[in-house]
Structures are given as C-alpha cells and as structure tokens.
Amino acid sequence: MGEGVEFGYPLMRLVVLVECGTRAVLAAAFGPESDGELTYAGRLLSVLDRTMLLLADAGFDANEFARDVHATGARFLVRSSARRIPTPFRHLDDGSYLARIGYGVLPVLLTVRVIEASITVTLADGTVRAEQWRLLTSLLDPTAHPAARLVDLYHERWQSETTYFSIKATMLDGRVLRSRCLTGLDQEVYALLTTYQALIRAASGTACTRPGLDMDRISFTVLQTTAGDTVTTTTAILPPTGPADLVGTIGRAVLDALHPAHRRQRVKARTRKNPTSKYGPNAGQHPTTSQNYTVHATVTFFEHGLANRSRT
C-alpha cells in the first residue's frame, strides 16, 4: 500500500488535564478519534476553578473554549494558531498587547492579552530551529505577569506530553490495547490511568519526605519497575509491624536512582517506527537521536502576522 493511505488499528483519543509539577492526572476523557480534542476537553472543564492557570497548545485556542474556561474562574495561557489575527487596541510596556476575541461569535467579546515571541532552539549537534509563538492569556496585568515570564511558563505545558509518554511508551511499551469490545477498552484505559495515578502518588509521597526534592528528578521507569517487582514477588506488600515506613520499597528505589539535580533540556527523537502508523514519515523533521538543547526567546510584535507552523 502506498504512503498516505491510513490502515492498521482503530484509534482512540485520550485528553487529560495534568497538574504541572506532580504530573498527576486531574481528569481524563477519551473515546473515538473521530471526535476532536475540543470535544473531550470540554468534558474536563468542571475540574477547573479560580485557583488554576490552564496551559494548552494551539489546538485549544477556539473562542468558545476560551469563553468556557473563563467562565470557570480559571485563567488560561494558550498558544494561538496562525488562523487567528488579533487586532491590538492597547500595546503594553512588556511588549505584549491587549485584544478582543470573538468576532461576533461570542455574545460578549473576551479581552485577552497577546504575547508574541521569536523562539530559537539550538540542539547539541548545532542544528538551529526558529519558531514563532503567539500566546493568548487572561492574565492581563503585565506588571504582575511579565510577558517573558509567561513565555518561560508556557514551556511547562510539555509536562502533559511527558504524561502521555509515560502511559504510551513506558507503561504500554508501544503495545496496542488488547480488548476487542468497547467495554473492555474502557476498562483497559481506566486501569492504565489508575495505575499511572497510583505511581505518581507514590512519587509525590516520596518527594514529601525530602524537602526541596523536585518531582522531575524522579524516574517514572524506576517507579513502574519497582512496583511491578514488588507485586510479582509479593514482597513488602503488608505494612511493617514496627514503626511506619513512610518511604517504602518503591520510595527507597526512587531515591537511590534520582535524575541529576540540574538536568539540561532534552528533546526526544521522533520517527515513524512501524508501517501501520497513521502518520506519514517525518525523516529530517526531528533529530534521529535524543539531544540536549537550549532555548532563547525574544518578546516581539509580528507586524506581518504569524507564520504557519512548518510541516516539512
């Protein structure tokens, strides 16, 4: 069969709301891939409240979605697609500007702050990639929330990608779901999410025993391997008869294998690995090996609009 023809296993779409820092799953929705991300994201909004700031990529910059997030009391910091052309009505001292979104679709136009930045990513092998970011946020005060700080903060959105990687690559190890009925698929996904959450809770509990320990230093692979070994060998399952062990077998294994305290930013290699993938080949678009990288961001104003994200 030629390139561009979709075949292989049916696909399921999973959308999760992840807490930055712990990477705990606050809520999840899933179903057929034919329903878009916004369909499932709308089911997660009831979890949001005024203490939260929602980070989301360009797939979630729809006017109605921004309105619905705003109605929960939560704030948002969302990447904008090139299709949006905001008109500034006030430029701010930090290089950002205020605009209104809605274009007659919403009953009331929503005022947002727009932050545009030129991003330069330099890989360890010397490869340099330039990107344009346009961020929309309901944090309107540039003094309390400077544009440069929000650009740095948006990078934390990739913690959700780490969550997906932990579930799909580490827990499933690249395997597909085994069930052949919808009820069984639901059960498998809930089992994966429950197991993931239990491991993250173990990591969080371990981090609390060592003040100042960053959760990013905890290896999810060590968490899963140790938990699996504990269950398989039925050792250290029951609580000790003596003093309470707040760390436990899993916690001790994690603390013995912490990642370095100052980890450099790292990009993973991404290529299509099997012929049944629905995605086209991406040779040349991503590094063939995992590499460290550095990021430099400059807040600016795109006078000629935002360029489309490269797909080549």
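Biologist: Which ring does arginine 100 lie over?

Modeller: A charge counts as over a ring if Lys NZ or Arg CZ is within 6 Å of the ring centre and within 35 degrees of the ring normal. Here, arginine 100 lies over the face of phenylalanine 89, 4.0 Å from the ring centre. Likewise, the charged end of arginine 157 is over the ring of tryptophan 158, at 4.8 Å from the centre. This is a predicted model, with local features needing pLDDT of at least 70 and side-chain atom pairs pLDDT 80 or more, while totals for chains, interfaces and linings use all residues. Numbering runs from 1 along each chain as its sequence is written, and side-chain values use heavy atoms, without hydrogens or water.

Biologist: How many aromatic pairs are there?

Modeller: Rings of Phe, Tyr and Trp (six-membered ring) pair with centres within 6.5 Å; planes under 30 degrees apart are stacked, over 60 edge-to-face, the rest tilted. The count is 5. One of them, phenylalanine 60 with phenylalanine 65, is tilted, at 5.8 Å and 50°. Both residues are buried (under 20% relative accessible area, 1.4 Å probe, protein chains only). Tyrosine 196 and phenylalanine 220 are 5.4 Å apart at 35°, so that pair is tilted. Tyrosine 196 is in α5 and phenylalanine 220 in α6, so the pair ties together parts 24 residues apart in sequence. Helices are DSSP runs (H or I, at least four residues), numbered from the N terminus.

Biologist: At what angle do α4 and α6 cross?

Modeller: Packed helices are described by the angle and distance between their axes. These axes, fitted to C-alpha atoms over the stretch in contact, with angles from 0 to 180 degrees between N-to-C directions, come within 11 Å and cross at roughly 50°.

Notes:
Buried means under 20% relative accessible area, exposed over 50%, partly exposed in between (1.4 Å probe, protein chains only). Helices (H or I, at least four residues) and strands (E, at least two) are DSSP runs, numbered from the N terminus.
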